[in-house]
Amino acid sequence: MISFDQILEEKIGSGIYQLRTVSIIGLIEFCDGVEYVFMSILMAILKNEWQLSQTQVATLGSSFLGGVVLGNCICAYITDRIGRKTSFSIFAGLSVILVYYTSFAESYNEIIILRLLFGIVFGTTSPLGYVFITEVSVAKYRGRFAFSLTLMYVAGKAYLVFLCFFFLDDYTSGNWRGLIRFNGIPVLLCFILSIIYLKETIRYYLNKGQYTIAFQEIEEVQKQNNNQQEPLNEREKDGLIAWQVRQNNLMIKENQNEKSGVLSKQHLRITLQLWTLLILANFQNLSIYLLMPFLFAQENSGFEYMLYLFLIEFVFTFVIYLFIDDPKYGGRVNIIIYASILLVITNLLLYIYQASFLFVGMLLIKIATRGMFSTLFIICCESYPLHLRSRGSGLAMAVGKVVSIPSPYVLFPLFAIDPYLPFLILSVLGTLMIALSITYPSDRTQKHLEIYSDEQKEE
């Protein structure tokens, strides 16, 4: 039986279409990287500039995380209804408005609300980007295309720190309003490009039964990639329709037997392991972004140390990019196992050696968490069929963030006792990540995306 994955590999291929899509989606990831680092630096600046209490600083961080959770839930349900492209363009446009509004905020309450709204945008566009790229990429290069978003994300973080040299005095003072206004330029560019050039995914049209549009898009994309247009023949069209109908029938059968979706018997183990891994990974990631500016300020370190971290992180992220699609030496599950082991060792060494190991420790943790997060995002998209892909990915990321919302109220009191005490706790939690990674049941490196393939037998 003909499947869309076969059409994608044999007729559409990889070319300008995928490059254009990755570039636009990558630009929003670039902006998300900018925003995430800006959030952590802004907390340190406002604590000093507005004389905020420890509780107020923690609330500032939690409001952003709460917004991310809401955004993940929006991605989980809305994007399957109104489409990937429409959702992406709407939230890219909202991001433009929020960037410039934030630069004029004058009160703590305004910043709290704006951080919440920024979190919603971030929480929607981040998983949506991976869903988008996963659905337009051939199996052979799917990991690399998706992981290229991570490269853009890390580049955005380095870009923000580079601008800090011009806009800020140090980690606790400077022209943060001018900094965020300047960062509105790439956000605006992304919104405009998404309106003009971004296309809805063909898989979405097939899933909605809009076959005529899907066939037209296949031929148009084929022309973009191969500079020639070879129309689908009737056998191929009928085969795609039969393939999609079969998937829909299996989906209906599954929904009749199991009403829980991602928590059905078929998906329960994968879902619970993904949720737990993302909870632990989020807690680890937040320890870096919430505490890093304060640790560097405590050691009187300049922005150059943070810039070095992000630049070296970019280099190592590129190395992971090279291995993400290699089932022998890399692969999805192997990467999260390697990252978990590195986190356990590095967190323990950081607690023992403290300031003397700060730069190296932060670097290794950032490399490990970046590999962990990006690979888990890809695994989320690959672990569920089309009708559950946005929901499964969005809910997994939402659950990971929900548990991490109160983490600022845990991390900052621990920091007050001993700035390096959080890393001892993280080292212990890392052993659980190793166990979950080793026992993860599915690795779809270089395999067809859809679970309901023509080889799968109906019960």
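Buried means under 20% relative accessible area, exposed means over 50%, and partly exposed is in between. Phe167, at 22% relative accessibility, therefore counts as partly exposed. The model is predicted.

**Aromatic pairs**

The structure holds eight aromatic pairs. One of them joins Phe30 and Tyr159. Phe30 is buried, at 13% relative accessibility. Tyr159 is partly exposed, at 23%.

Phe167 pairs with Phe182. Here the centres lie 5.9 Å apart and the planes are at 45 degrees, so this pair is tilted. Phe167 belongs to helix H7 and Phe182 to helix H8 (residues 176-182), so the pair ties together parts 15 residues apart in sequence. Phe182 has a relative accessible area of 35% and is partly exposed.

One charge also meets a ring face. Arg181 lies over Phe104, at 4.5 Å from the ring centre.

**Salt bridges**

Side chains of opposite charge can pair when their charged atoms come close. The structure holds six salt bridges.

| Salt bridge | N to O distance |
|---|---|
| Arg203 and Asp5 | 2.8 Å |
| Glu135 and Arg84 | 2.6 Å |
| Glu217 and Lys199 | 3.7 Å |

Take Arg203 and Asp5, a salt bridge with its closest N and O atoms 2.8 Å apart. This pair links distant parts of the chain, 198 residues apart. Arg203 is in helix H10 (residues 202-207), and Asp5 is in helix H1 (residues 4-12). Both residues are buried.

Next come Glu135 and Arg84, joined by a salt bridge. Glu135 lies in helix H6 (residues 108-136) and Arg84 in helix H5, so the pair ties together parts 51 residues apart in sequence. Are these two partners buried or exposed? Glu135 is buried, at 2% relative accessibility. Arg84 is buried too, at 1%.

The side chains of Glu217 and Lys199 also meet in a salt bridge. Glu217 is in helix H11 (residues 211-226), while Lys199 is in the loop between helix H9 (184-196) and H10, so the pair ties together parts 18 residues apart in sequence. Glu217 counts as buried, at 16% relative accessibility.

**Nonpolar surface patch**

Six residues form a nonpolar patch on the surface: Tyr77, Ile78, Ile82, Ile90, Leu94 and Ile97. Together they have about 510 Å² of accessible area. Which helix gives the most to the nonpolar patch? Helix H5 (residues 84-102) does, with three residues. Leu94 is found in helix H5. At 37% relative accessibility, Leu94 is partly exposed.

**Cysteines**

How many disulfides does a search of the whole structure find? The search finds zero. Cys31 is in no disulfide, and the nearest cysteine sulfur, that of Cys190, is 5.9 Å away. Cys190 is likewise in no disulfide, with the sulfur of Cys31 as its nearest cysteine sulfur. A disulfide needs two cysteine sulfur atoms within 2.5 Å, and these two are 5.9 Å apart. Both cysteines are buried: Cys31 has 7% relative accessibility, and Cys190 has 0%.

Conventions: Residues are numbered from 1 along each chain as its sequence is written. This is a predicted model: local features need pLDDT of at least 70, side-chain atom pairs count only at pLDDT 80 or more; totals for chains, interfaces and linings use all residues. Side-chain values use heavy atoms; hydrogens and water are left out. Buried means under 20% relative accessible area, exposed over 50%, partly exposed in between (1.4 Å probe, protein chains only). Rings of Phe, Tyr and Trp (its six-membered ring) pair if their centres lie within 6.5 Å; planes under 30 degrees apart count as stacked, over 60 as edge-to-face and the rest as tilted. Helices (H or I, at least four residues) and strands (E, at least two) are DSSP runs, numbered from the N terminus. A charge sits over a ring if NZ of Lys or CZ of Arg is within 6 Å of the ring centre and within 35 degrees of the ring normal. Patches are made of residues with over 30% relative accessible area and no salt bridge: like charges are joined within 9 Å, nonpolar side chains (Val, Leu, Ile, Met, Phe, Trp, Tyr) within 5 Å. Accessible areas come from the Shrake-Rupley method with a 1.4 Å probe; for residues, only the protein chains shown count as cover. A salt bridge is a side-chain nitrogen of Lys or Arg within 4 Å of a carboxyl oxygen of Asp or Glu.
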